[in-house]
Amino acid sequence: MNSDIFSKAMSEISESYVDEAIRYKKKTRIPVWIKTGAAAACLAVVLAVGNMLIPFQGSAMITVHAQGADQEITAAGAVLMSGAIRDNGEMTGHPLSFYLSGKDIATVRFSCKNQQISFMDWTEKRDEYGNAGNFTVAYGEDESEYAYLMIDWVPVGIIRRLTDHADSTIETLPEEMRSDIIVMEITFADGKTATKAITISLLDDGTFFAAFDDYKISKEDTFVSRPDSEAIPRHILYSQGAAPTNTADDTPTEQTKWGVTLFVENVTSTGLTLICTQSGGLQTGRLQTGSFYKLMGWDSEAWHDVPYIIKEAAWTEEVFLIPSEDRIEWEIDWEYLYGELPAGTYRIIKRIDDFRKNGDFDSEECWAEFEIK
């Protein structure tokens, strides 16, 4: 190429291309090992994030279902439709009975701050707990059973306050009494743990609002460190009407899930002192009884009613309240009704009512055995 042709060609090139060529710098090649290392770092980050999400995708996915209202309780919260309370202390339904669903739950420790909770296993395989503050439940690998493991929240403190103070109303209750929390310390089969909580609030109209979310236990949550309550003995839960189990006149006999215990003292052929105590239990209302009682005797094969010596018996209509975590006693004189009883093994039987309101109550017979020598 001679100088004339080159000069002519250069004059036809756009100035922008010339400037671009002047500014051009050769790209530096990135070594292969740096590219590979960066890819590996990205993969490590992805795996780390994935591992962080695994607990939330698997064992820690716990949901709470309110029984009786077909409601799932979430972090957003919901007004419970299964029960309410009135200004006079009467309660309708069960404000909060719930069960957990999830995967591979090993145990759950429940702690209730202000009110009381109970645990019922409708499969009849686990220990049960009556109105208590803290207890631990074994769940196990059979997830189909979880829906039969019921926790019942019972606002006994609210009921007593409204019942015992005629001037009390829901709106005048102190704020700390109108709220409660149930903390759940959950352990899974793989050893992982999670802490959840249900917060409960009493609304002005007598309904309850509840929400379920993660929870972090703080130093102020001293109720969580309370010791667990003892389980209800299984012979109380599942047995009735058996042959005599004791004949001592000071041995208590429990016969209901309501924590009621009857025992006798000062036994004679014409009467005794009947003592009733109450502790824990699964009651949903007010425990009470009346003046009525009956005697049964054991004839070596079966229990039978002891016959009256009068043609008709009339019972007065008093109502005796059974105080919570306390005792009450009655002097029983049956000479006018049964006469003087011969030596033998007997039961004195009282009807106990779990009373919520007129026409809404449960009844069970509770008895104590004794011996006349």
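Reply: Let us start with the hairpin of β19 and β20 in this predicted model. The two strands have 4 residues between them, and serine 300 takes a positive phi near 80 degrees in this hairpin.

Me: What makes β19 and β20 a pair of strands?

Reply: Pairing requires at least two bridges between two strands.

Me: Why is isoleucine 348 called buried?

Reply: A residue is buried when its relative accessible area is under 20%. The value for isoleucine 348 is 0%, so this residue counts as buried. Isoleucine 348 lies in strand β23 (residues 344-357). Leaving aside neighbours within four places in sequence, its contacts include Val264, Leu272, Tyr293, Ile332, Trp367 and Phe370. The C-alpha atom of isoleucine 348 is separated by 6.6 Å from that of methionine 296, although the two residues are 52 residues apart along the chain.

Me: Why is isoleucine 310 called partly exposed?

Reply: Partly exposed lies between the cut-off for buried, under 20%, and that for exposed, over 50%. Isoleucine 310 has 32% relative accessibility and therefore counts as partly exposed. This residue is placed in the loop between β20 and β21 (320-321). Together with Phe292, Tyr308, Ile309 and Tyr336, isoleucine 310 makes a nonpolar surface patch of about 470 Å².

Me: How do you know that glutamate 145 and lysine 125 form a salt bridge?

Reply: The nitrogen of Lys or Arg must be within 4 Å of a carboxyl oxygen of Asp or Glu. For glutamate 145 and lysine 125 the distance from N to O is 2.5 Å, so the pair meets the criterion of 4 Å. Glutamate 145 lies in the loop between β10 and β11 (149-154), and lysine 125 in the loop between β8 (116-121) and β9 (129-132), so the pair ties together parts that are 20 residues apart in sequence.

Me: Which of these two partners is buried, and which is exposed?

Reply: Glutamate 145 has a relative accessible area of 10% and is therefore buried. Lysine 125, at 57%, is exposed, because exposed means over 50%.

Me: What makes arginine 178 and aspartate 204 a salt bridge?

Reply: The closest N and O atoms of arginine 178 and aspartate 204 are 2.6 Å apart, so they lie within the 4 Å cut-off. The partners belong to distant parts of the chain, 26 residues apart: arginine 178 is in the loop between α4 (156-164) and β12, and aspartate 204 in the loop between β13 and β14 (208-214). Arginine 178 is buried because its relative accessible area is 10%. Aspartate 204 is partly exposed, since its value is 48%.

Me: Why does a distance of 3.8 Å still count for aspartate 354 and arginine 356?

Reply: The closest N and O atoms of aspartate 354 and arginine 356 are 3.8 Å apart, and this pair therefore counts as a salt bridge under the limit of within 4 Å. Both residues are buried.

Notes: Residues are numbered from 1 along each chain as its sequence is written. This is a predicted model: local features need pLDDT of at least 70, side-chain atom pairs count only at pLDDT 80 or more; totals for chains, interfaces and linings use all residues. Side-chain values use heavy atoms; hydrogens and water are left out. Buried means under 20% relative accessible area, exposed over 50%, partly exposed in between (1.4 Å probe, protein chains only). Contact means heavy atoms within 4.5 Å. Patches are made of residues with over 30% relative accessible area and no salt bridge: like charges are joined within 9 Å, nonpolar side chains (Val, Leu, Ile, Met, Phe, Trp, Tyr) within 5 Å. Accessible areas come from the Shrake-Rupley method with a 1.4 Å probe; for residues, only the protein chains shown count as cover. A salt bridge is a side-chain nitrogen of Lys or Arg within 4 Å of a carboxyl oxygen of Asp or Glu.
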